[in-house]
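Hi there,

Here is the structure I promised to pass on to you. Have a look at it first, and then read on for what turned up.

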Amino acid sequence: MNRTLNVVRLQFVNKQTFLWIPLIVLVGAFVIALLVFSLIPADGPMYSGAAQAPLWYFAIIGSQALTLTFPFAQAMSLTRREFYLGSLAAAAISAAAMATVFTIGAALESATDGFGTNGYTFQLPFLTEEGWWVAWLAYFVIAMFFFVVGFWGATIYVRFRGVVFAAVLVGITLLAVVGAWLISRMDAWPRVWQWLADQGALGLTGWAALLLVLLAGSSFLTLRRATP
Amino acid sequence: MTHVIEVSHLSKRYGDTLALDDVSLTLEQDTIYGLLGRNGAGKTTLMSILTAQNFATSGTVRVYGEDPYENARVLSRMCFVRESQKYPEDATPRHALRSARLFFPHWDDDLAGELVEEFRLPMKRTIKKLSRGQLSAVGVIIGLASRAEITFFDEPYLGLDAVARQIFYDRLLADYAEHPRTIVLSSHLIDEVSNILEHVLVIDRGRILMDAPTDEVRGLATTVVGPGDAVEEFVVGREVLHRESLGRVTSATILGRLDDDDRARLAAAGIDTGAVSLQQLVVRLTQRQSTVEPQPEEARR
Amino acid sequence: MVGEGRPLFLQIAESVEDAIVDGSLGEEERAPSTNELAAFHRINPATAAKGVNLLTDKGVLYKRRGIGMFVAPGARELLLTERRTAFAERFLDPLLVEAARLGLGPDDLARMIADRARAAQRPTNGDPR
C-alpha cells in the first residue's frame with residue numbers, strides 16, 4: 001500500500017509533467033481564447049474549445065506514464081499492480097485539480113459574463129445547468145477518460161508493439177465508420193441525437209465513466225503481461 | 001550458505017530463437033557473481049526473468065523461496081540496473097535518485113551523494129541530454145546506494161572511462177565489505193572484473209557453460225608452448241580448447257589442471273607453460289561451443 | 001601485482017608473508033585486515049579472507065578479539081624455514097636436472113655458483129640488494 005502511494009509521488013517527482021505543463025497549456029489556451037473573444041464583436045454568448053487543450057495533454061501524459069515511467073517503475077522493483085494503481089491515483093489527483101480549476105473558471109465566467117467578453121471557455125450551459133457538482137464530475141471524468149485512453153493505447157503498444165497496435169487502431173476506426181454507416185442507413189441520426197440529449201450531462205458522464213472503467217480494466221489485464 | 005535464488009529448467013523462447021535453454025542454477029547469499037558471456041548470450045534475459053520484468057517460457061524461478069512475479073515482498077529486496085534503462089520524460093538524475101530513495105528500503109542517501117560527486121554527475125540536466133557514461137553513472141549510483149539484498153548490474157560501465165570504472169569497482173568492493181549482499185555483475189570486460197568475482201557463471205547461446213568458484217576456474221586451463229611434436233604428444237587425451245602454430249613451435253590451450261607429473265614431463269620435453277586468464281578461458285570456451293556440439297556437463301567439471 | 005594462474009587467495013597470503021619475511025611487518029604488529037587487503041588488491045573480500053585464514057591456520061597470524069589480526073611470534077622463522085625448503089624444490093631440483101643434462105656434477109655447480117656470485121658483486125656494488 002505504502003509502495004503504491006509512493007508511485008503517486010514517483011509520478012509527481014517531476015512536477016513539470018503533471019502540474020506545470022498542463023497549467024501552462026490551460027492558461028495559454030484560455031488567454032488566446034479571451035483575446036479572440038475580445039476582438040470579435042459579440043451578438044450573443046460565444047464558446048471556445050480552449051478547455052480541450054489540457055485534456056489532450058492528459059492523453060499524452062497517459063501514454064508517457066506507461067512508455068517511459070513503466071520501465072523506470074520496473075527498475076524501482078515495483079510490481080505491475082503497484083505501478084498501475086499508483087499511476088491511476090496520480091492521474092485522479094491531477095484530474096480532480098483540473099476539474100476544480102474548470103469549475104472555478106466556470107463560476108468566474110458566469111459571474112463576470114466571460115470576463116466582460118461574453119465569451120466562455122469553462123462555463124458550458126450543457127454541463128453547468130444540472131448543478132456545479134455535475135460540471136465538476138463531468139470535467140473530472142473527461143480528464144480521466146483522456147488519461148486512460150492514452151494509457152490504454154500505450155499498454156497495447158508496449159505489450160504487442162507496432163503491428164497489433166496499428167491493427168487495433170484500424171479496428172476501432174472501422175467499427176466507428178461501420179457504426180456511423182449503419183446509423184445513416186437506418187436514418188437513425190435524429191434518434192441518436194435525441195438519446196444523447198435525453199441522457200443529460202450526468203447521464204453522459206455516467207456512460208463515459210463506464211467506458212473509462214472498461215478501458216482501465218483492460219489496460220490492467222494487458223499490463224500484467226507487459227515487459228519494459 | 002543460504003540460497004537466495006533458485007532457477008530450474010528455465011527456458012525462454014523469442015519466436016524461433018531460444019534465448020535461454022534449460023538453465024538451472026542457484027545463487028548464494030553474500031556472494032559476488034560474474035555473469036559472463038558474449039552479447040546476445042542471454043545475460044539480460046536471465047536477469048530480467050529473475051526480477052520478474054520478463055516472463056519465462058518454461059521452468060521456475062524462486063527468489064527467497066517465492067515466485068517473484070507481482071510479489072512486492074520479494075521484489076523490494078532486489079535491484080536490477082539495466083544497461084539501457086529508460087527514465088520518465090524530462091526526468092533529471094535528481095528525480096531518479098529521489099524516486100529510488102522511495103522504493104529501496106536500505107537506500108543510503110549519503111553514499112548516493114558521494115557517488116554523484118565522484119562521478120561528477122550533473123544533477124539538474126535532463127537524463128536524455130546526458131552522455132552515455134553519465135547515463136551509466138545514474139544506474140551505477142542507484143545500484144550501489146540501493147544496497148538491495150540482491151543487486152544485478154547489467155554491463156553497468158558502458159561509456160564510463162577507465163577512471164570512472166575503477167571508481168565503480170572500488171566503491172562496489174568497499175561497500176560490499178561493509179554491507180555484504182548478493183551481487184550479479186554481467187560483463188564482457190572479464191579481465192577487469194575477474195579479481196572481484198567470487199563465483200563465475202559463463203553463459204553462451206542461452207546455456208550455462210560454467211558455474212564454478214573463481215578460485216577453481218583459475219588454473220583450470222593452461223597454455224603449453226614448445227616444439228610441435230612434443231606439444232602434440234603431450235596433448236594426446238586432453239581437451240584442446242585452442243591450438244596455433246608458428247613454424248615449428250606450437251601453442252595449445254588445454255583444459256584441466258596440471259599435476260606434478262605433468263609438470264615434470266613438460267619440463268623434460270622443453271615445453272613452457274603459461275597461465276590462461278579468465279577472459280581467455282571464457283573466449284576459448286565459447287569459441288569451442290560454436291565449433292563443437294555443446295557438451296555443457298564436461299565444461300562444468 | 002596479482003597474476004593469473006594460481007588461486008588468488010594464495011597470492012594474497014604470499015603478499016603478507018613477503019612483508020613478514022622482509023621485516024616490513026614485524027612480529028606482534030597488527031596485520032592488514034581482510035577488508036584492507038581486499039581494497040588494496042582490489043579483490044573480493046571473501047578471497048582475502050581465505051588468504052588470511054590460510055595464514056592463521058599456519059600459525060603465522062593470530063586473532064586478538066575485537067582488535068584484529070596480528071603477526072604471531074616466531075612467524076618470520078617459520079616462514080623462512082618453509083621458504084628455504086620451497087626454494088630447494090623450486091629452483092635446485094630443476095637446476096640439477098638441467099646440470100646433469102649438460103654433464104655438470106654438484107661440485108662443478110658449487111664452483112660455478114661461487115664464481116658467479118663473486119663476479120656479480122664486483123661491478124655493481126651500488127645495487128641496493
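A quick definition to begin with: a helix here is a DSSP run of H or I with at least four residues, and helices are numbered from the N terminus. Please keep in mind that this is a predicted model.

With that in hand, Leu35(A) is found in helix α2 of chain A. Leu35(A) also belongs to a nonpolar patch on the surface, together with Leu19(A), Trp20(A), Leu23(A), Ile24(A), Val27(A), Val31(A) and Val101(A). The accessible area of these residues together is about 710 Å². Helix α2 of chain A, residues 15-39, supplies the largest share of the patch, with seven residues.

Now to the place where the two chains meet. How many residues of chain B are in contact with chain A? There are 29, and they touch 29 residues of chain A. About 2,700 Å² is buried between the two chains, and carbon and sulfur atoms give 56% of that area. On the chain B side, Glu70(B), Leu102(B) and Phe103(B) lose the most area to chain A, together 26% of what that side buries.

The elements of chain B that each give two or more residues to this side are α2 (72-75), β5 (78-81) and α3 (93-103). Of these, α3(B) gives the most, with six residues. By type, the chain B side divides into 17 nonpolar, seven polar and five charged residues.

As for links across the interface, ten residue pairs are in polar contact, both residues at pLDDT 80 or more, while the rule finds zero salt bridges.

Enjoy exploring!

Methods: Residues are numbered from 1 along each chain as its sequence is written. Chains are lettered from A and ligands numbered from 1 in the order in which they are written. This is a predicted model: local features need pLDDT of at least 70, side-chain atom pairs count only at pLDDT 80 or more; totals for chains, interfaces and linings use all residues. Side-chain values use heavy atoms; hydrogens and water are left out. Contact means heavy atoms within 4.5 Å. Buried area is the accessible area (1.4 Å probe) that two parts lose on being put together, summed over both. A salt bridge is a side-chain nitrogen of Lys or Arg within 4 Å of a carboxyl oxygen of Asp or Glu. A polar contact is a pair of N or O atoms within 3.5 Å; within protein, one must be able to donate a hydrogen and the other to accept it, and residues adjacent in sequence count only if both atoms are side-chain atoms. Ala, Val, Leu, Ile, Met, Phe, Trp, Tyr, Cys and Pro count as nonpolar, Asp, Glu, Lys and Arg as charged, and the others, Gly among them, as polar. Patches are made of residues with over 30% relative accessible area and no salt bridge: like charges are joined within 9 Å, nonpolar side chains (Val, Leu, Ile, Met, Phe, Trp, Tyr) within 5 Å. Accessible areas come from the Shrake-Rupley method with a 1.4 Å probe; for residues, only the protein chains shown count as cover.
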